Each structure stands twice: as C-alpha cells, then as structure tokens.
Amino acid sequence: MLEQLSIDQPSYLRKDAIASTVMVSPPNPNQSGSSAKQSLEAGLAALKQQDYPTAIALLESVTQTAGNQPSGIRAQMGLVAAYKATGNLKKAIALCSSLAKSPNSQVKTWADRALTELTPPPPPKPPTNKPKSAETPPETGFVAFDAGTKSPKTSIGGDGLRPASLRPTADQKTGFLPLEPTAAPGNPKSQHISPPPPPPTGQTSEPENSTETAPDTEISSENSSGSPTDIPGVASPDTYQLTWRQAGRAKSPRPLKPLKLLEFRVEAVASAIALFFLARFVLQFLLTNTNSLLVQLYIFTRLPIFAPIQLFYRDPTPFVQMVFGLLLASSPWLTDALLKLFCGIETLRGSVLSKHSKEASRVLRSFCTKQNMPVPVLKLLPLNVPVAFSYGCLPRFARIAVSRGLLEQLTDDEIAAIFARELGHISHWDFAPMSLALLVIQIPYLIYWQVAHWQERLCDLMTIEFLRSAVKFVAAAISAISYGIYKLLRWPMLWLSRRRVYFSDRTAAEITGNPNGLTRALSKIAIGIAGNIEQQKQTSFFLESFDLLLPVGVGQAVSLGSAALHAPLEQILLWDVSNRERNWLTVNSAHPLLGERLKLLALYAQFWQLETELDLADAGVPEPPKKGKLSLFKSILEFKDSKLFLQGAPFFGIPMSLAIVGVLWLIGGIFSRTSIWQLDWLWGDRSIIWGCLPIGFCLGTLMRINYFFPDIIPRETASPSLPEILSNPESLPLDAEPVRLEGQLLGRSGIDNWLGQDLILQTATGLVRLHYVSRFGCIGSLWPKPTRPSDLIGKSVVATGWLRRGATVAIDLESLRSQGGRVSDSGHPIWSAVLAFAAAFWGAYIIIQGPR
C-alpha cells in the first residue's frame, strides 16, 4: 500500500506487497476499465496520505465493480489496512477470511498472515498454585448481581456445556434430561458469558480480574505496536470469549408508534380457519384411502374383517368442528395435563419468582393492572433448557410457563423482558389461536412419538423374528406418516407465528424500556437450547413439539446458539440482516430471523438514545434505489435471471406451466375454426390444466438440479468452520458448496429417526443440521437396508454433502462415514430426479385420461 504501513503494519500489509501478490496474474481485458483503475490508484494514494475515509470510499467502490479480478483483490487488501487503521477490525477480519479462500496461493498466504496478525493469541495460563479467589463464581456459573458493581467474567451456567463424560443421559420416555439439584436460592447469576467447555490443555479462562471489553472494542491504547492481539471479540474460534456489554435501559422511554392490531387479529383468525380446512382435508384423505385399502384387501382375501368402515364415508366436517371447539375451550387444562404427564410441570409461586427476578413480579402486576386483566397463572417446567411460553383460550385462563433453566441462566432484567414478551402475546390475543394450533399438531406428533416408543417395548417381548420385523415396519410407517402430518399442519400457522414475534418483542421493549436486556435474553436462550441439544445428544421431543410457542426457533438456535460461543454475534448474524433474499427463505420457519429481531431491538435502543448491546442497528443498510423505474417486463427478466428464481424453480414452474396451457388452448381454438379437427379437443380441456401443473414442477426441478447438486470432488471439498459458514452474507441455498465435516453425530435412535428427522453433526465450532433422504424417498427409508444414519448416532463420523445456507444452516448429505468404516449413503440428487419424472408421468396420465 504505502510507506506509512512500514511503521505500524507488518510487511505483508504494505503497498508493494499487495501489488506483487496480485499482479502475478495477467490483467483481465474484460474488467471495468480505466475508471476502476483510477479509483484504485486514487484510493491507494489516499491511504498513503492517511486519508482513511476517502480511501475506504474509493476502494469499496472498486471492490463492488471489479469483484474478484486483480484490481478488486488489490482494493480488498488496501481496505484491510484502512479498516485496521480506523479500528474497524471486524470488517478487516471478514475481508481477510474471504481472501484466504482465494485460489491464488500468494493471496491466500497474504490473507493467512494478516489474519494471524489481527487475531489474538490464547490467554496465558494462570499459575496452578494460585488460590481460588473469593469472587470466583460457583460451579453453576452464576455470580451475585449487584447493580452497583461490575460482575466478573464467568463461564456459562448450567450443565449443558460440561464434557460428554460428565453429562447425564436423557430419559428414554420423555426425551428430557433429568433435573439435577440446583443451587441454593442465594446463588446469583452471571452478567457475562464466556465459552463453555473446559478449555483444552494449556488454556484456561481469563483471570477474573481482567478488564471487561465489548466484542467490538478498538485496539487498546496500551498496545504501542497497534497489534490487535489483545482484542476480545475478534479472536479465532479456539480463543474467542463471549462477553456482554451490559448496555443500559431507558428510565422514561418515549412511546413508540401504536401497533395496528386489527389487521393482525384478522390474520390470526384467517390462520385458524386455514388450519381447520387443512385438518379436515387431511382427515378426509386418510379416511377415504383407509376404506380404499380395506376394499382391496377384502376383494383379495374375502375376509369380513377387511370390510370397509361405513362411518368413514361420512362428511368429517361436523366432527372436526366439534374437536376444534373442544380443544380451544379446554386448551389451558389440556396443555397443563400434557406438560404434567411428560414434563412434570408445577405451579411457580410468586416468592420463587421474586427470588430470581423482582422486576418480573413488578412487571406482571403493573401491566395487568394497567390492562385491566387478571395476572396469568405461572407454571414452572423442571427443565435445564431456558424456555418460556404462554398458552390458554382467554386472558382470564392464560398461563405463562417458564423453565428452571431460564430462571437460573438469565439475570433479573432479562427474565422480566421475557415475561413482558409473554404478556404481549396475551394482550394481543394471538396466544389463543396458537394454543389451539399447538394442541392440533400435538395429536399426530404424539402418535409419531409414542408409536416409536411402544414399538421398542413390544419388540423386546417378541421372540419370533418375523413378527418383530412386521411390527417394526408397521410402526415405522405409522410413525413416519404421523410425523409428515405434523409438519403439514404447522404450515397454516407459520405466518402468524412469525408476525406475532415482532409484536411481542416490541411490546416487551416498551413495557420494560430495556431492549438491550431482551437482546441478551434471546441470545442466551439460543445458546441454552444449543447447549441442551449437545448435552442430551438429541433434540428433545418437548423442544420440537412446542417449537411454535418458544421465544427462539429451535432450528435457528442449533447453529447460531452453538456458533455464538466461537465468534462475535454480529459476525454470525450478518446474513440475517443483510441478505437480500432472506425474507423469501423464511417461509418454512416458525420464527423470524434472530438477527432481524435483534436489529429491531437495537433500533429501539437508538430511538431511546441508548448504547446498543450489539452493533446491528446500522448493519445491512439497503443500497439506494437506482434512478428511473424499471418496466414490469424488465423486472420480470431480472427476476428470471436471479438466483432466487432458480432456487424456487420447481415451484415457479407450476404457475409458469399455465402459460403452456394457454398456448395449447390457443392452438385448439385456432384448429377448431378450421377443417383440421384432430386438435380442436385442446380447446377448453381442463385436464390439460391439471396435467401441466406437475409437468411444470418437473421442468423446474430438472432446471435447477445441476446447480443444486454440483459434483463433489474430494480434493476440492472444503471443510469450513461454522462461524465461516454463517459469516457469508450473500450465500443462498442454491450456492451449494461441497463440504466435508468431521464430528460426532447427534440425534434420536430407533424408528423415530428413520426419516432423518433429527440428525445433527457436532463439530469443533458448533452444531450443523444434516438432511438425509433415501434414493426412493420416504418409502425407501422404511425398507430394510444395511446402514441408516440413525445407526451411527453417537459415533464419530465424516459428513460429505452440499452446504445450504438459508434461514437455517444444513447439509444435504451425500454420505456419512463412521470411523469403523460403516457408510450410510443419501440420495438427494437421485430422489430429486425420481420425483421430477414421477411428476411428469403423473401429468401425462392426467392429460391422457382427459376430463371426467
């Protein structure tokens, strides 16, 4: 870059080093031209004169236009030095991480050396004979909360982050971890979080008298060399320590703009109605097909026991209406009974809540008095995972359930913020349709869970192998169908589930004036859920079945919560706040993106002129709109060429097939007016419409299959860390990067995981979900086969597949290989092709059959 860099920068950050590194490649004649070169030289000149704002502006413009061309790489190298000089170390590290993936070996070497300089070394090991300080927190990880003093940096509380050898096993019936003795009520809570597991040999946590520093703190003035080696928050995954700024709260917050609840409540009613019609359709489909199967068996065997059931031919609408009405009216007591049976829920006394959070008690009383509604019944879940949710049919019968883990792992103000969220759900009345939906989807989920559970006990009592295999197959089929119905019935409520979260977060910020406290609470809940999954070695049935009501979605918490212990939250949440297609990719999620929620909370904090807990308020600022309005035709063409169109090609192909129908009808209409009568049948034939819909799905699937599943070449397969995966803000599920990750396979064992419902890879830097499918789909998963992924649960494995980064992070498996040599192959590309051709044949069959 320039001579000034030779004073306080390593040699590889100087201009001559940058130039010599990049110019080994021949210049590209197709690059942006003289204007980009002039901006590059002007930016480097401004950097030489220490005019950093000008240099950053010029060099960033070059990177946008030149991309990964030589001039663009030179600009990125210059930006690293500019960001470092201005203290913006997070951007410098992000650029270095990007450059470290360059195919140019010299650029990669330069980036690796720069990252080494920007990343601090592990903290020194304290003397082994040092006596334990009086302020050392107890083993639970909690220290006394004193508003007047700064609490020391401590490890995460709870057992969820202990070594695997010390973790208790989960109960086989409920899937929950047995509740362990908790600390005495006087045991306090930590204000800060540090990385969980015991540090490796030669590394320990920071000394307790160390100075707290926010994750984005600039270079210490005591570091005369300007080296970033002592900056927490920009460390490597092995040395990073998560701390909290403890940003303040508003004493007298200005009121926010009133919420428009009428439209929201109409959406809630519409979602419940959609759930009713979907449930009615599913029930009628099951009854009709059950009778069809019985008829075929009766024709084949002539046995009276296979005679069709006449009751199944009746209209199920009145029955579904009655069931929905009973479930809604009795939802508080039915949910209580369900949680009592499987979790041991109990009443949470006010005195117990006051010991953990006096502010939460005050918030409950004051808000309910102001809203002229009774205080909800409080329930306590004896679980270590931090969760909270509300349920009921009317505010008079509303309940707020919190877990023991939430009371122990969150601080006074954070607990109050979570209670305020649940009061928001009750005051907005969205808790009633969500409680109804929860009970409706519990019906198929309990069948899935209990059939798998009792099948194991029944098979243990059988001695005949044929009967055991038959029972296992039937139970697996019932369990798989029930799980599919559970997933299907969630769909009508997903929109409402996402919308209501925004409203409750805002209400909690208004009630408490503490958006920063809610930010910490939601982050700790995500970390706690991920820790619970690591601890139990599986996703508990409670977390999955109650996911709709939880403050943070389990799917997001798996990766974000575990990666938060290895990289700054701002870094791993960058995709959530800056990816342009993120809203389209959350349609299958029950919760909005966590980063988007925390960004809104940061904006509330800015509105009240507070310091923000996380630097997300200004992240992901959209680009200014281009001058001039694009025509509709041009907009459609641009969308057609975008990744999002290719991502959803199978689904966009369905409406696009209607254009094919229009052409066929036009041909039929033209020939019907001529003497060529052989094609006039095309005019107005509705079977063409229904037949072309699956054909459009087929064409869309085949269009994207090569992009979705690129060839996996072993020597070119990457092994990125989870923070690296989460830090790329531009990635989409279509950007399928072949990866090869090693770790321990977590999940459920037995037939309740034959479809791969719960497969999680525990790597050194966090948890990653795995997607498995047989070459023949769900049916292929039920047939006997050598090795299923569920057979490798608890073993060290190597997962090879295609990385998908959407609202959640997952890997579409190609294969799982254990250390013992057992291999489980997945068939995503084959199944996609089979599904596409099956849809095409189905469409052709409909057209050939003609109208009926």
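Is D615 buried, partly exposed or exposed? D615 is partly exposed, because its relative accessible area is 30%, which lies between the 20% limit for buried residues and the 50% limit for exposed ones. The report below places this residue within a predicted model.

## Overall architecture

The model is a prediction, not an experimental structure. Its protein chain has 852 residues, of which 52% count as buried. The secondary structure comprises 29 helices and 10 strands. Among contacts between residues at least 6 apart in sequence, 72% join residues at least 24 apart.

The accessible surface of the protein chain comes to about 40500 Å². Carbon and sulfur atoms account for 61% of that surface.

## Confidence in the model

The average pLDDT of the protein chain is 78, and 77% of the residues score at least 70. Two stretches with pLDDT under 50 deserve mention. One of them is residues 1–33, for which the model has 70 contacts beyond four places in sequence. Another is residues 624–630, with two contacts beyond four places in sequence. Where pLDDT is low, the predicted coordinates should not be read in detail.

## Salt bridges

Side chains of opposite charge can pair when their charged atoms come close. A search of the whole structure finds 24 salt bridges. In one of them, the side chains of R245 and D615 meet, with an N to O distance of 2.7 Å. This pair links distant parts of the chain, 370 residues apart: R245 is in the loop between helix 7 (105–118) and helix 8 (261–301), while D615 is in the loop between helix 22 (594–607) and helix 23 (632–640). R245 counts as buried because its relative accessibility is 16%, whereas D615 is partly exposed.

A salt bridge also joins R520 to D413, whose closest N and O atoms are 2.8 Å apart. Here, too, distant parts of the chain are linked: R520 belongs to helix 17 (residues 515–536) and D413 to helix 14 (residues 412–428), 107 residues apart. Both R520 and D413 are buried. In a further salt bridge, between R769 and D758, the closest N and O atoms are 3.8 Å apart. R769 lies in strand 7 (residues 766–771) and D758 in the loop between strand 5 (737–747) and strand 6 (759–763), so the pair ties together parts that are 11 residues apart in sequence. R769 and D758 are both buried. Salt bridges that share partners also join D413, E414, R520, K524 and E613 into one network.

## An enclosed helix and buried cysteines

Helix 19 (residues 554–563) is largely enclosed by the rest of the structure, because nine of its 10 residues are buried. Among these buried residues are V554, Q556, L560 and A563.

A disulfide is a covalent bond between the sulfur atoms of two cysteines. The structure holds zero disulfides.

## A nonpolar surface patch

Which residues make the nonpolar surface patch of about 650 Å²? The patch is made by I443, I447, F473, V474, I478, I779 and W783. Helix 15 (431–461) and helix 16 (465–512) are the elements that give two or more residues to the patch. Helix 16 provides the largest share, three residues.

F473 is located in helix 16. Its relative accessibility of 35% is why F473 counts as partly exposed.

How values were computed:
Residues numbered from 1 in each chain as written. Predicted model: local features only at pLDDT ≥ 70, side-chain atom pairs only at ≥ 80, totals over all residues. Heavy atoms only, no water. Disulfide = S-S within 2.5 Å. Patch = residues over 30% accessible without salt bridge, like charges linked within 9 Å, V, L, I, M, F, W, Y side chains within 5 Å. Areas by Shrake-Rupley, 256 points an atom, 1.4 Å probe, with all protein chains shown as cover. Salt bridge = Lys/Arg side-chain N within 4 Å of Asp/Glu carboxyl O. Helix = DSSP H or I, 4+ residues; strand = E, 2+ residues; numbered from the N terminus. Buried < 20%, exposed > 50% of the residue type's maximum accessible area, 1.4 Å probe, protein only. pLDDT = per-residue confidence, 0-100. Contact = heavy atoms within 4.5 Å.
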